[in-house]
Amino acid sequence: MKKSHRTPGAVPSVSQRRFFGHGIPGVQLDDLAGKLIVVEGADGSGRSSQIAALVNWLETLGHATVQVGLKRSNLVSAELEQAQNGNILSRTTLSLFYATDFADQLENTILPALRAGFIVLADRYIYTLMARDLVRGMDAAWLKNLYGMALQPDAVFYLEVPPEELVQRNLSKNAMLDYWESGMDLGLSRDVFDSFLKYQTAMQATFRRMQCTYGFTIVNGSRAVDEVTASLQKKISAVLTTK
Amino acid sequence: MKTFAQLGFPGRLIAVEGLDGSGKSTQIYLLKRWLEAEGVKVYFSEWNSSDLVKSATSKGKKRELLTPTTFSLIHATDFADRYERHLLPLLRAGYVVLCDRYIFTAFARDVTRGCPPDWVRGIYSFAARPDLTFFFRADLEVSLNRILDGRPKLKFFEAGMDLRLSSDPYESFRIFQGRILEQYLAMSEEFKFTIMDANQRIETQQAIARRIVSEQIDLDEFRRRSPLPLPPPVQPQTTAGTEEDSAA
C-alpha cells in the first residue's frame, strides 16, 4: 500500500504545483500555499466518515480546513439537482453541467482557500466525474481537455470497497439504492440491485485504469474506519511536511 | 471538422454569426419566414436559450458570479442541451435548422475573455460544422451605434465589464466588440464563413442570403411531404406538462 503518485525519494515542493492542462487563466500557482487533499469513492465507501475524521485531526493539529464536494456550487447546484431529478439531460449536457459546478467551486472556493493557506478536503473531485462519463462511453480525450482546467491535488485517495459490500452498506444506511449510484440511466438491468452491482464493478474497473494514468492512492476501504483513517493520516502527514 | 451533410445527416444546419447589432437576427428571421413559406421543415434555435440552463445563467449574470471559465462552461452546457435534445434529432429527421449564433460565438467570446483557444474548441468538438455559416460583417461603428442607440442600458457581461477594459460600460463595450470582431475574422477562413456585407440594405442582404441558400441546399429535399398537422385542440391543463417552468 505504498503507491505514491510522486517519484519515490523526490521531495515535492510548492513549485511542483500544476494544472492538469491549460488551467484557469490568470492563476499564479506559486501563490497557492495550502494543500488540496481529495477523497474519492462510491457512496458507502466511507468518504464522509473519513473526511470528518481528517477535519477533526487536522484542526486539532492547528490546520485550517475547507471542504468542497460535487454539486455544491452557488452557481448551478440547484439547477443541476433539478435536472437530475427529471433525468432529462443527455450525457454531454450533464457532463458540462457538472464541469460548470466544479469550475465554480474551483475558482470561488478551492483556489482562494489554497491562497489563504487552508487545507482543502474535496469529497470527490474530477476523477469521479471522469469515471462516471467514461463508464457512459464518453470520449476520454474530450474529458481530458475539459478537466485540463483542474488543479492537480497534493494527495488523492480512492476508497475501494467491493460492490457486494457497498450494497450492504447502502441498504443498511438508506434501505434503498440510489438511482444514479446504481447507474440506472445506463439500462444495464431493470433490476436496481443487479444494476448497482454491474455499475459499481464498471466504476471500479475505470478507477483502476485511471490510477495508471493519474497515480492516485488506492485505499482498501473495507477495513475498520479507524484503520483507514490511520493510513490516510500517515500519507497526509508526509504531504504536510513538504513545503 | 465535418458538416452535417458530410456526416450523412438528412437535415441541414444554417448558422448566422456576427457582432451584436450586425443585423444577423433580422436576416435569419426572414430566412425562416421564407423557408416556411416554401413548405420546408424548419426549426429555429437561439444561442443561450435552453430552459434548463437558463435559470443558472441568468443568476450567474445578474449576480456577476461568472468567471471566464464558468461563463464558457455554462454556455457550453446550454449549447449541448439544445444540440443533443433538439438539433440532432431534427437534423436526423431531415429538418433545415437555423441557428442564431453557433459555436463560433463561443470561440470568439471565450477566447477574448482569456480562455485557452484549444480548451474551448475541444469542449465544443462534439458539434459538427454548419452546412452554411453566414458571417454578418458590418463596420464596427455601425454595429455599435445600432446597439447603443436602441438599448442604452448595457448589461455587465454584455459590455465585457468583467474584463476590466474600462470603467465606462460604453467604452468597455466598444473595446470588447472590437476584439470579438478580430477573433471572428481570424477564424473566418478556417470554418468557411460566407461573409455578408451587413452595411447593405436589409432587402439586399436577404435576397443574397436566399440565393446562396437555394444554391447550396436543394430545398425540394426538405419540403414537408404532407400538409402541416392541425394544432392540438385546446384543453384545460390537467397533468404536469413538458413545459413545467420554474417560477420566473
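The pLDDT is the predictor's confidence in each residue, on a scale from 0 to 100. For chain B the mean pLDDT is 89, with 90% of the residues of the chain at 70 or more. One stretch stands apart: in residues 239–248 of chain B the pLDDT falls below 50, and beyond near neighbours in sequence this stretch has two contacts in the model. Where pLDDT is low, the predicted coordinates should not be read in detail. For the complex, the predictor reports an ipTM of 0.83 and a pTM of 0.86.

Consider next the architecture of chain A. Eight helices and five strands make up its elements, and from the N terminus on they follow the order β-α-β-α-α-β-α-α-β-α-α-β-α. The radius of gyration of chain A is 18 Å, close to the 18 Å that the globule rule gives for 243 residues, so chain A is as compact as a globular protein of that length. Its C-alpha atoms fill a box of roughly 50 × 40 × 30 Å along the principal axes. Among contacts in chain A between residues at least 6 apart in sequence, 79% join residues at least 24 apart.

The interior may be examined in turn. Of the 243 residues in chain A, 39% are buried. In soluble globular proteins, nonpolar side chains tend to be buried together. The largest nonpolar core here has 122 residues, and the members that touch the most others are Val38(A), Ile110(A), Val120(A) and Phe157(A). Helix 3 of chain A, residues 91–115, contributes the largest share of this core, 12 residues.

Lys173(A) lies 129 residues from Gly44(A) in sequence, yet their C-alpha atoms are 8.4 Å apart in space.

Finally, the two chains meet in a contact that takes 25 residues from chain A and 26 residues from chain B. On the side of chain B that touches chain A, helix 2 (51–62), helix 3 (68–92) and helix 5 (117–123) of chain B each supply at least two residues. Helix 3 of chain B gives the largest share, 11 residues. By type, this side of chain B comprises 13 nonpolar, nine polar and four charged residues.

Technical notes:
Residues are numbered from 1 along each chain as its sequence is written. Chains are lettered from A and ligands numbered from 1 in the order in which they are written. This is a predicted model: local features need pLDDT of at least 70, side-chain atom pairs count only at pLDDT 80 or more; totals for chains, interfaces and linings use all residues. Two residues are in contact if their C-beta atoms, placed from the backbone, lie within 7 Å. Helices (H or I, at least four residues) and strands (E, at least two) are DSSP runs, numbered from the N terminus. Ala, Val, Leu, Ile, Met, Phe, Trp, Tyr, Cys and Pro count as nonpolar, Asp, Glu, Lys and Arg as charged, and the others, Gly among them, as polar. A nonpolar core is a set of buried Ala, Val, Leu, Ile, Met, Phe, Trp, Tyr and Cys residues joined through C-beta atoms within 7 Å. A residue is buried if 20 or more other C-beta atoms lie within 10 Å of its own, exposed if 12 or fewer, and partly exposed in between; C-beta atoms are placed from the backbone. The radius of gyration is taken over C-alpha atoms; the globule rule is 2.2 Å times the number of residues to the power 0.38.
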